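I opened my notebook on this protein. Here is what I looked up, entry by entry.

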Amino acid sequence: QGVNCSVCCDLPCAMSSRMALQVNSNWLEALDPGSGRLYYVDMTTQQTAWESPSGFMDRKQLIVGQQALALELGRAEEEYKAAAEDEVSFIARVRYRFPPPPGPPPPSTTALQQQIEQLKRENARLRDENACLLESSGGRDAAASDCPPPLPPHLATTTSSSSSSLSGKIP
């Protein structure tokens with residue numbers, strides 16, 4: 001039956017109760033109305049027996065085993081709460097003794113990486129745009145390239161502020 005429990009002395013401890021639950025899940029306890037005696041049914045084989053199977057716990061043992069498990073769980077929860085409180089207290093003491101540095105924290109690495117990737121894409125776009133402008137002003141056939149056509153002369157001679165607003169729209 002396993003190690004005896006310190007709580008109830010002569011009944012199996014919580015660990016044995018866990019193992020017995022497997023046996024109890026396969027067997028069923030029933031009452032013979034003719035004799036008033038208990039008999040046992042193996043649910044997997046459909047066989048019956050007058051003797052309880054090895055490791056089988058009767059109702060009283062199951063209740064005591066369940067109480068032992070509940071007690072064990074309660075102790076574990078208390079230990080967990082105490083450990084969590086100790087950790088929170090420790091972190092609070094560390095933060096009090098060593099406060100964070102002044103000023104806002106620097107951007108996260110992922111934010112910096114996103115900015116770098118965005119700048120790389122913008123740089124590539126500007127290089128393509130510059131290559132197209134050089135190609136169209138160099139007298140090459142603009143229709144054969146992927147570059148947009150050159151600006152008409154009346155737009156090319158406008159002020160620099162309007163050309164900068166147009167250049168933002170060139171893909």
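Entry one: contacts. I took contact to mean heavy atoms within 4.5 Å. Among contacts between residues at least 6 apart in sequence, 39% join residues at least 24 apart.

Entry two: the source. I noted that this is a predicted model, where local features need pLDDT of at least 70, side-chain atom pairs count only at pLDDT 80 or more, and totals for chains, interfaces and linings use all residues. Residues are numbered from 1 along each chain as its sequence is written, and side-chain values use heavy atoms, with hydrogens and water left out.

Entry three: the elements. I found five helices and three strands. Helices are DSSP runs of H or I with at least four residues, strands are runs of E with at least two, and both are numbered from the N terminus. Along the sequence the pattern is α-β-β-β-α-α-α-α.

Buried means under 20% relative accessible area, exposed over 50%, and partly exposed in between (1.4 Å probe, protein chains only). Of the 171 residues, 15% are buried.

I traced α2 over residues 59–97, which is 39 residues. Its first and last C-alpha lie 56 Å apart, close to the 57 Å expected at 1.5 Å a residue. The expected span is 1.5 Å times one less than the number of residues. The buried residues of α2 are Q61, V64, G65 and A68.

Which loop holds Q46? Q46 is in the loop between β2 (38–42) and β3 (48–49). Q46 is not a glycine, yet has a positive phi of about 65°. Most residues other than glycine have a negative phi. Q46 is exposed, with a relative accessible area of 56%.
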